[in-house]
Amino acid sequence: MDRILEGKKVAVLVETEYIPEEINFYQTFFTRYGAQVDYLTQLWGQPERYLVSDVDSESKQLQKMLVKNEVADVNPNDYAIVLCAANYVACRLREIPPMGSLGNPDLVRSPAAVRFMAGAMMNPQIVKGALCHALWILTPLPELLKGRKVICHTVVLADVINAGGEYVPDPSHVVVDRDLVTGRSAADLELYGETLVATYNRLANTPAE
């Protein structure tokens with residue numbers, strides 16, 4: 001195994017109703033390439049949070065993961081790869097502060113996870129990944145999605161189109177637009193993961209303009 005991510009870090013934005021299989025895949029897959037995997041979320045003033053999911057369980061028994069990294073305190077430029085996890089993670093990460101408020105249209109760009117992803121999008125040397133529903137994390141920032149070739153779950157397709165994304169129904173279910181890698185669903189994890197690493201390798205070996 002070529003440890004081309006040795007000494008590098010991968011950030012995974014995560015929230016309640018994550019897909020456990022996906023989260024476990026990232027930990028195993030990226031560490032094989034030598035990377036450190038950090039899970040980030042909004043802690044809402046707490047030192048840590050347990051996130052829960054019943055997505056993979058036929059019995060609907062809750063699974064838990066403990067997250068200690070507050071996304072607002074992390075610099076996206078410290079990471080080689082920045083991902084937003086699938087399912088309804090992005091939807092929950094767009095919660096407008098303060099949590100539980102009636103909301104304010106002027107603050108749709110203000111959630112910490114949205115700002116973190118925006119920072120990553122501004123750096124073309126960082127590989128960005130969005131699987132399944134995850135492009136919801138960018139819809140508050142249509143200028144960053146406009147004109148980007150992507151694939152996504154059909155649930156978020158209307159929002160992606162309205163934000164200016166260019167939908168590409170590639171039969172492989174994975175689409176690359178420069179530094180942005182998108183995947184159709186968690187069923188495509190293996191190809192999605194390999195494409196993320198290949199994209200990092202390409203960018204790392206391309207002279208900066």
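This is a predicted model: local features need pLDDT of at least 70, side-chain atom pairs count only at pLDDT 80 or more; totals for chains, interfaces and linings use all residues.

Trainee: Why is the pair of Phe25 and Phe29 called stacked?

Mentor: The ring centres of Phe25 and Phe29 are 5.0 Å apart and the planes stand at 15 degrees. Centres within 6.5 Å make a pair, and planes under 30 degrees apart count as stacked, so the pair Phe25 and Phe29 is stacked.

Trainee: What makes the pair of Phe29 and Phe30 edge-to-face?

Mentor: Here the centres of the rings of Phe29 and Phe30 lie 5.2 Å apart, with the planes at 80 degrees. Since an angle over 60 degrees counts as edge-to-face, the pair of Phe29 and Phe30 is given that name.

Trainee: Which aromatic cluster do these residues belong to?

Mentor: Phe25, Tyr26, Phe29, Phe30 and Tyr33 form one aromatic cluster, and the structure holds seven aromatic pairs.

Trainee: How do you know that Phe29 and Phe30 count as buried?

Mentor: The cut-off for buried is under 20% relative accessible area. Phe29 has 1% relative accessibility and therefore counts as buried, and Phe30, at 0%, therefore counts as buried too. Phe25 is buried as well.

Trainee: Why does Glu17 count as buried?

Mentor: The relative accessibility of Glu17 is 19%, and because buried means under 20%, Glu17 counts as buried. Glu17 lies in the loop between strand S1 (9-13) and H1, and its phi is near 70 degrees, a positive value in a residue other than glycine.

Trainee: How many helices and strands does the protein chain have, and why is the chain called as compact as a globular protein of its length?

Mentor: The protein chain has six helices and 11 strands. Its radius of gyration is 16 Å, close to the 17 Å that the globule rule gives for 209 residues, so the protein chain is as compact as a globular protein of that length. Buried residues make up 51% of the 209 residues.

How values were computed:
Residues are numbered from 1 along each chain as its sequence is written. Side-chain values use heavy atoms; hydrogens and water are left out. Helices (H or I, at least four residues) and strands (E, at least two) are DSSP runs, numbered from the N terminus. The radius of gyration is taken over C-alpha atoms; the globule rule is 2.2 Å times the number of residues to the power 0.38. Buried means under 20% relative accessible area, exposed over 50%, partly exposed in between (1.4 Å probe, protein chains only). Rings of Phe, Tyr and Trp (its six-membered ring) pair if their centres lie within 6.5 Å; planes under 30 degrees apart count as stacked, over 60 as edge-to-face and the rest as tilted.
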